Amino acid sequence: METMINTLPHDPVCGMSVDPARAEANGLVAEHEGKTYYFCGRGCLLEFGDDPNRYLDPNYTPSM
Amino acid sequence: MSTATEPITELVLPVEGMTCASCVNRIERFLGRADGVAEASVNLASEQATVRFDPSRIDRSGIVETIKAAGYDVRPQPAMATRGRSVEADLDATEMARAAERRALLRDGLLATGIGLVMMVVTLWPGGIGLTMEQLNLVLLVPATIVLLGPGRRFWIRALRGLPHGDLTMDTLVALGTGAAYGYSLAITMFPAAVTAAGIPLDTFYETGAIITGFVLIGRWLEARAKGQAASAVRALLRLRPAMVRVVRDGAEAMVPAAEVMVGDVARVRPGERVPVDGAVVEGSSAVDESMLTGESAPVAKAIGDRVTGGTLNASGMLQVRTERVGDDTTLAQIARLVEHAQGSKAPIQQLVDRVVEWFVPAVALVAALSFVTWMALGPEPRLPLALTSAIGVLIIACPCAMGLATPTALMVSTGRGAASGILVRDAAALERAARVDVVIFDKTGTLTRGRPEVTEVVVVDGDVPALLNAAAGAERSSEHPLAAAVIRRAGRAGLDPERAMVTDFAAVPGGGVRATVDGADVRVGSARYLTAEGVAMDATSEALAAVAAAEGRGDTVVWVAVDGRVRGALALSDGLRPEAAAAVTQLRRLGLEPWMVTGDREPVARVVGAAAGIAPAQTMAEVSPADKAAAVTAIQARGARVAMVGDGINDAPALAQSDLGVAVGTGADVAIEASDLTVLGDDLRAVPTGIGLARATMRIIRQNLVWAFGYNVLLIPVAAGILYPFTGWTLNPALAAGAMALSSVSVVTNSLRLRRYRPPKEG
């Protein structure tokens with residue numbers, strides 16, 4: 001893997017690091033207020049879609 | 001112990017597309033919100049969702065839809081061509097896999113042990129075999145490596161797999177022990193010159209490693225074998241259903257595979273054959289041996305309309321049975337599922353053991369390291385081999401595998417033994433609760449009594465018996481009350497045909513009585529209070545009143561019969577106590593339990609029935625409404641007692657749920673098995689003391705197993721570490737340690753097998 005782990009984007013729902021290329025290939029991407037977010041899987045994508053502001057709130061701690 | 005009116009069904013679905021625990025939460029949340037779902041548990045590792053639901057409010061497709069709504073797919077099941085065999089097929093597949101694994105264990109164990117013994121003989125051959133130490137070591141290297149990479153492979157694989165997770169198990173200990181032996185020996189073999197220069201002898205431990213591997217594997221084989229025996233009870237149950245069924249279709253008889261029998265088919269069962277399906281008798285009569293279900297060997301008479309269960313033995317006559325349930329829906333399949341579920345369940349005590357094992361393994365590794373260091377620092381020459389021997393010995397002797405076996409093996413044998421007597425326990429937690437019960441409350445109607453009242457006396461005030469019965473039976477014809485059925489049966493016995501009368505204007509008052517116009521006459525049947533409220537003058541002869549008073553004193557229920565506004569007579573009905581009730585109560589007392597009775601019936605009736613059963617008046621609660629029964633349970637629990645409630649599982653749901661142990665008796669083999677804590681198939685009340693006694697015996701065996709397994713390890717660890725050396729010169733040969741450890745596992749399993757012979761306390 002050429003990408004260093006620290007520079008990978010994080011899933012805002014569960015906090016997992018996500019490979020953006022893989023996420024894009026599987027449609028696990030979402031746009032919200034001009035920013036792009038990547039997700040580990042469908043579940044987190046859907047969760048985010050249901051209530052994006054909850055997960056973007058600075059006080060929200062990504063967890064499983 | 002469920003409060004649902006329908007049996008809770010459990011379904012396991014493979015779910016695709018989960019990536020992290022958020023997915024798990026999401027699916028569980030969606031399922032939990034679905035109407036009809038009692039519980040949903042999703043496992044990321046196995047990619048399965050286990051859902052418990054009420055089939056009357058949601059079905060499989062509804063659950064699949066819910067999962068889809070959450071954003072996931074359910075992997076489509078391959079079409080089950082033989083749906084009728086799926087429970088058996090599952091068990092058979094599991095059994096074949098287990099048998100294959102057992103064979104592999106034995107083969108590898110014997111191979112490793114054999115090689116080890118040969119190596120040992122070669123090493124110790126008197127006079128030597130003409131090779132130098134260096135050469136001998138090189139020769140021994142070959143078989144030792146074979147054992148390490150062959151039979152010994154599984155320890156390494158498992159130990160390494162667990163390492164990233166921090167999982168230290170028995171495999172870790174064995175891998176460490178044999179690895180150390182092999183590594184040390186390899187070093188000596190490869191660098192003999194350096195080793196001799198350091199003052200270390202050239203003796204290697206190759207044969208030790210091989211023998212340890214062999215013994216541990218043989219020990220595991222013995223464990224697996226015993227587990228297989230314990231689990232066989234369930235498989236034996238399922239094999240009782242015939243594979244081919246004689247079905248009558250369109251007037252012609254055909255032999256059809258069991259999987260192809262459909263609901264509605266009529267099956268013909270000859271004497272001596274096993275009943276193939278669950279259904280109702282439509283022709284013929286016979287006696288059926290239901291012992292495989294209820295444990296009672298006395299054959300049960302079956303006539304037209306009676307239900308029979310697949311797997312029971314038809315004794316004497318020819319029966320034709322209309323199929324009501326096939327395959328996985330049959331009582332037998334449900335029992336098998338329940339027993340399997342119970343056998344696999346986690347007992348609270350087992351969770352405690354697991355926690356102990358968690359710190360035990362690292363603690364042992366520490367002790368081994370400590371003993372190694374101590375010997376190296378203080379030991380007599382040759383230090384290194386001695387230190388190594390003791391460290392390896394500690395690692396091996398401390399293996400906690402016997403502890404891990406203590407509960408599951410006892411549980412397996414126990415559930416199998418219970419099932420053989422028609423006692424089904426829901427899971428291990430229920431078993432533990434059953435063992436700790438102090439008080440047993442019996443519901444009266446339908447549990448202590450048969451739930452089938454009969455007319456015991458006909459009291460005439462005006463007119464004659466046939467007229468009285470005709471009027472009463474006619475009025476009761478449209479009533480579904482059990483008393484009505486009793487009255488109609490009594491009329492039948494008097495030669496009357498209740499169907500012949502002209503009956504109109506039927507009305508029933510719950511708790512009061514019934515009225516109807518029978519052959520033009522106005523008939524009321526009910527309690528004295530009801531008749532008075534209807535304007536009937538309760539004029540009766542003194543003899544009649546005396547007879548009624550006597551009947552009530554006996555505990556009978558009395559209904560009065562009035563025709564055209566005048567009292568004509570009364571009927572006394574009694575709900576017989578089950579013949580074995582008193583014996584069951586005595587057995588409970590002998591176990592040190594306190595029997596109670598609760599009923600919605602009136603005080604006089606309750607007193608009589610209680611006395612006949614052997615329950616003290618102080619422990620009889622009468623006139624308790626269904627809602628208050630749960631409160632009654634709570635009241636006794638408040639005194640610190642652990643309460644078991646015995647009922648029919650249908651009408652006393654809240655009380656059963658409130659109790660520490662809910663016992664359902666007499667639900668009959670034709671009712672789907674509800675998930676009470678303890679279900680008694682058949683209706684012999686003595687199964688209650690037997691079940692509680694078995695639970696206690698099981699807990700006793702589990703405690704014995706744990707003490708033995710743990711104590712044994714703990715005692716021998718210091719010996720392996722060499723604590724006796726300064727006094728007696730004893731150390732523990734690691735090979736012996738392996739043998740001893742295998743022996744402890746075997747003795748735990750053997751001890752558990754003792755439960756097979758459990759006998760309930762004798763009466764009298």
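Start by showing chain A and chain B together: between them they bury about 960 Å², with 51% of that on carbon and sulfur atoms. Buried area here is the accessible area (1.4 Å probe) that two parts lose on being put together, summed over both.

Before you go on, a word on what you are looking at. This is a predicted model in which local features need pLDDT of at least 70, side-chain atom pairs count only at pLDDT 80 or more, and totals for chains, interfaces and linings use all residues. Residues are numbered from 1 along each chain as its sequence is written, chains are lettered from A in the order in which they are written, and side-chain values use heavy atoms, leaving out hydrogens and water. For the complex, the predictor gives an ipTM of 0.72 and a pTM of 0.65.

Next, select the residues that touch. Chain A brings 13 residues to the contact and chain B brings 14, where contact means heavy atoms within 4.5 Å.

Now zoom in on Arg26(B) and Asp50(A), whose side chains form a salt bridge at 3.2 Å, N to O. The two chains share three salt bridges (a side-chain nitrogen of Lys or Arg within 4 Å of a carboxyl oxygen of Asp or Glu).

Finally, colour chain B by pLDDT, the predictor's confidence in each residue, from 0 to 100. The average for chain B is 81, and 91% of the residues score at least 70. Pick residues 1–5 of chain B, where pLDDT stays under 50, and then residues 78–85 of chain B, where pLDDT also stays under 50. Where pLDDT is low, the predicted coordinates should not be read in detail.
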